[in-house]
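Visitor: I'd like to go through this one piece by piece. Can you put it up?

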Amino acid sequence: MKPRDLDLTGYTRLPGFINAHDHLEFNLFPALGRGGYRNATEWARDIYRPDAAPVREHLRVPKPVRLWWGALKNLLSGVTTVCHHNPYEAEVFGPEFPVRVVRRVAWAHSQAFDPRPDEAIRKAPRTWPFVVHCAEGVDAAAGREVAGLDEAGALDSRTAIVHGVALRRASIELLRLRGASLVWCPTSNLSMFGRTVPRSVFAAGVPVALATDSALSAPVDLLDEMAVARRYVPAARVREMVTSVPARILRLSPRVLERDWIAMRGESEVALVVVNGRIKLISPELAAQLPKSERRRFERLHVECRPPVLVAAPVARLRRAAEKHLGSDLRLAGKQVLA
C-alpha cells in the first residue's frame, strides 16, 4: 500500500520538516551545564568530563545506537531531513535509517576549535553549503566571530552560521551583504546564555532556519522548538523556518524533498512521516489501514509528551543496547522513553 493511498481525513498533510542543526549522537544525554556562560567554549570546557558520570556512561553506548536514537527524536517531531553537525557516518546513515541526513555539506565546528574554518569551505564543491557555529555567546569574543569569518574568507552565500546570539547591527548587516544565513537554536541559547538572537535579525533580510541542537544543551525536539520560536515570530514564518528556508540554505534538491511529507493532527501530533516515499512513522490508528504483512516492519515507540506511534526501526534492540549502560530510565532529548 502506498502512503498516498491512506485515508487522511481529519489530518493536515505538510512537507517534511528539516532540522538544520543537530548532533545526533548526543540526544540520550541529559542537558549539561549550569547556565550563565559567556561563550560556547566556556560551556564546552565546563561540561566535558569524559571520565565522570553522566558523560562516561553515555559514551559507553555504541555510537551507532546513539545516532539511531537521535534520528528517532527527530522522526517523532515530523523531521524527515537533518543536518548533522559531525562527520557523515555512511555505514549508519543508509536507506533504513529513520531520517535523511544531509551528505553534501561542508562544516567546521567553530573558530575556537577550528582555527582555519576557511579550509573547509575552500575544499568543498562550490555547490555545497558551509555550516559553522558562530557568535555563540554574549561576550566580546563571540561578538567578533562574524567579522573573523569574513576576514578568513569563510563568509559568503554558502555560509550558514549556527546560533548567532552575539549578533549586533554591524554583524547582521555583514551577513546580509555576504548573502549568508542563520540557523537559530533558541532553547540551546536560552539555557546556556539566558538569551537568544536579537529580534532585529528577523527583519534584516537574512534567511533564518530553525533547529534543535542536541540534548546536551537543549532537551527538546523540533515541535518543542517551534513552540518556542512562535514567541518571537509568527507561526507562518516558523513553518517556513523548518521547510522552505532550510531547504534553500542547505541546497536540498526539490525533486528529492517532494517524496518527503508528513501528516499531523493539530500542532503537536505527528501521525505519519514519509521519507523518500517510504513510511517511517505511523500512528496506530492509520496503521490499521495497512495490510498485516506491512505492519510487521514497525515497532512501537512511546515517548513522554508524545502519542504512541509505530516506527520502522529496531526499537527493542536499540533500547536494550542503551539500557545496558544507562539503566531503565531512558530519556530521549529529556523525555522519558515509556515503551
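Visitor: Which backbone atom lies 3.5 Å from a polar atom of the side chain of Tyr-88?
Guide: The backbone oxygen of Phe-93. A polar contact here is a pair of N or O atoms within 3.5 Å; within protein, one must be able to donate a hydrogen and the other to accept it, and residues adjacent in sequence count only if both atoms are side-chain atoms. This is a predicted model, in which local features need pLDDT of at least 70, side-chain atom pairs count only at pLDDT 80 or more, and totals for chains, interfaces and linings use all residues. Residues are numbered from 1 along each chain as its sequence is written, and side-chain values use heavy atoms, with hydrogens and water left out.

Visitor: Where does Tyr-88 lie?
Guide: In the loop between β3 (79-84) and β4 (100-101). Strands are DSSP runs of E, at least two residues, and helices are runs of H or I, at least four, numbered from the N terminus.

Visitor: What is Tyr-88 in contact with, leaving aside neighbours within four places in sequence?
Guide: Phe-93, Val-101, Val-102 and Arg-103, where contact means heavy atoms within 4.5 Å.

Visitor: How accessible is Tyr-88?
Guide: Its relative accessibility is 29%, so Tyr-88 counts as partly exposed. Buried means under 20% relative accessible area, exposed over 50%, and partly exposed in between (1.4 Å probe, protein chains only).

Visitor: Switching to His-21. Buried or exposed?
Guide: His-21 is buried, at a relative accessible area of 0%. His-21 is found in strand β2 (residues 17-22).

Visitor: Which residues is His-21 in contact with, beyond four places in sequence?
Guide: Among them are His-85, His-133, His-163, Cys-83, Cys-185 and Asp-213.

Visitor: Now α1. How many of its residues are buried?
Guide: Six of the eight in α1 (residues 40-47): Ala-40, Thr-41, Glu-42, Trp-43, Ala-44 and Ile-47. These buried residues pack against α2 (55-60) and α8 (186-193).

Visitor: What caps the N-terminal end of α1?
Guide: Asn-39 does, through a side-chain oxygen that lies 3.2 Å from the backbone nitrogen of Thr-41.

Visitor: And the chain overall, how many helices and strands?
Guide: There are 15 helices and 16 strands. Of the 339 residues, 57% count as buried. The C-alpha trace spans about 60 × 45 × 40 Å along its principal axes.
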